Amino acid sequence: MGYIKELFYLRKSDRKVILTLLCVIVVALGVIFFTGNRNSESNGLTAADTLPAKDGTRDSFRRKPYRENDKTVYVRTKVVYRDTAYRRGKSLDQGAHDSVVAHYQTKIKPGEHIVLNTADTTQLKMVPGIGTYFARKVVQYGERLGGYVSVDQLDEIEGFPLDAKDYLVIQDASPRKLNVNQLSLNELRKHPYINFYQARAITDYRRLHGPLRSLNDLRLSKDFPPEEIERLMPYVAY
C-alpha cells in the first residue's frame with residue numbers, strides 16, 4: 001500500500017513516464033502471446049492439408065517415416081511444390097519425369113560419351129567426376145585455347161579427374177587459328193601455348209627474316225623445342 005501511495009504523490013510527469021512503460025510492457029506481452037498461438041496453430045496442420053500460395057506454389061505437409069524401437073514413426077515435413085499440378089497422390093507423366101531427370105543432371109553411364117567441344121557446363125556436369133567447378137574450368141580453358149583438338153588437353157587443367165576423360169570425345173575439331181604473321185606480341189601471348197619469350201621470338205623472326213611460312217622456321221630458337229611446336233601447330237595460320 002505504501003508504494004501505491006508514493007505513486008500518487010509523484011509528480012505528474014513522473015507518473016506519465018511510469019504509465020507509458022507499463023503500456024509498452026503490456027503490448028509486448030500481447031504480441032508474444034499472439035505470435036505463439038499462431039505458430040502452434042500452423043504446426044497443428046495434418047498431413048493432408050494443402051495451402052495455395054500467392055505466387056502459384058502449393059505448400060503441403062508430407063509424413064516422413066523412420067524406425068524407432070522396431071516401429072515405424074511418421075514425422076510431418078513441409079514440402080513446397082512449384083507447380084499446382086503436382087498434388088498428393090498424383091504420379092508423374094513421362095514429360096514431367098524427363099524434366100525432373102534433367103533438373104538433377106543424371107550422370108551418363110560407361111560407354112556413353114559427350115562431345116567435348118560442343119558441350120556446355122550443364123552437359124559436362126553429367127560426366128562422372130565433373131561438378132560445377134570443373135565444368136566451368138573446361139569451358140573456360142577451351143575458350144582460351146580456341147577449341148580442343150585432343151581430350152588429353154584436359155590434363156593441363158590442374159586437378160582435373162582423369163577418369164572423366166573416358167566419357168569425352170573429340171569430333172570434327174576446328175580450332176580457332178592465330179595468324180602469327182599479323183598479331184602483336186601481346187596478342188600472341190594471350191594463347192595458353194605461347195608465353196612471353198615465345199611471342200618475342202615470333203615477332204623478332206618476322207622483323208629479321210620476314211613472315212613465317214611454318215613453325216619449323218622457329219626450330220633453331222631455344223624457346224621452341226619440338227614438343228612446343230607440335231602442340232601449337234593446330235592453332236596457327238600464316
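## Confidence

This is a predicted model. The chain has a mean pLDDT of 79, and 66% of its residues reach 70 or more. Over residues 42-64 the pLDDT falls below 50. That stretch still has 56 contacts in the model beyond near neighbours in sequence. Over residues 73-89 the pLDDT is also below 50. There the model has 49 contacts beyond near neighbours in sequence.

Where pLDDT is low, the predicted coordinates should not be read in detail.

## Helix α5

Helix α5 covers residues 132-145, 14 residues in total. From first C-alpha to last, α5 reaches 20 Å. That is close to the 20 Å expected at 1.5 Å a residue.

Six names make up the buried set of α5: F134, A135, V138, Y141, G142 and L145. They lie on the same side of α5, because they cover an arc of only 135 degrees around the axis. The buried residues of α5 pack against α4, residues 121-124. Just after α5 comes G146, with a positive phi of about 95 degrees.

## The nonpolar core

The largest nonpolar core has 37 residues. I130, L154 and L168 have the most contacts inside it. Helix α5 gives the most, with 5 residues.

Take L154 as a way into the core. Leaving aside neighbours within four places in sequence, L154 is in contact with L116, V138, Y148, F160, K165 and L168. One of these, V138, is a buried residue of α5. Another, L168, is itself among the residues with the most contacts inside the core.

The whole structure holds 5 salt bridges. One joins D152 to K165, with the closest N and O atoms 3.1 Å apart. Both residues sit in the loop between α5 and β5 (168-169). D152 and K165 are 13 residues apart, and the pair links distant parts of the chain.

Are the two partners buried or exposed? D152 has a relative accessibility of 47%, so D152 counts as partly exposed. K165 is buried, because its relative accessible area is 17%, under the 20% cut-off. K165 is also in contact with L154. D155 joins in too: D152, D155 and K165 are linked in a network of salt bridges.

## Salt bridges within helices

Helix α7 (residues 196-209) holds both R207 and D204. These two form a salt bridge, their closest N and O atoms being 3.3 Å apart. R207 and D204 are 3 residues apart, about one turn of the helix. R207 counts as exposed, at 60% relative accessibility. D204 counts as partly exposed, at 29%.

Helix α8 (residues 226-232) holds another pair, E228 and R231. Their salt bridge has its closest N and O atoms 3.5 Å apart. E228 and R231 are 3 residues apart, so about one helical turn separates them. At 32% relative accessibility, R231 is partly exposed.

Technical notes. Residues numbered from 1 in each chain as written. Predicted model: local features only at pLDDT ≥ 70, side-chain atom pairs only at ≥ 80, totals over all residues. Heavy atoms only, no water. Helix = DSSP H or I, 4+ residues; strand = E, 2+ residues; numbered from the N terminus. Expected span 1.5 Å × (residues − 1). Buried < 20%, exposed > 50% of the residue type's maximum accessible area, 1.4 Å probe, protein only. Arc of directions from axis to C-beta. Contact = heavy atoms within 4.5 Å. pLDDT = per-residue confidence, 0-100. Salt bridge = Lys/Arg side-chain N within 4 Å of Asp/Glu carboxyl O. Core = buried A, V, L, I, M, F, W, Y, C linked by side-chain atoms within 4.5 Å.
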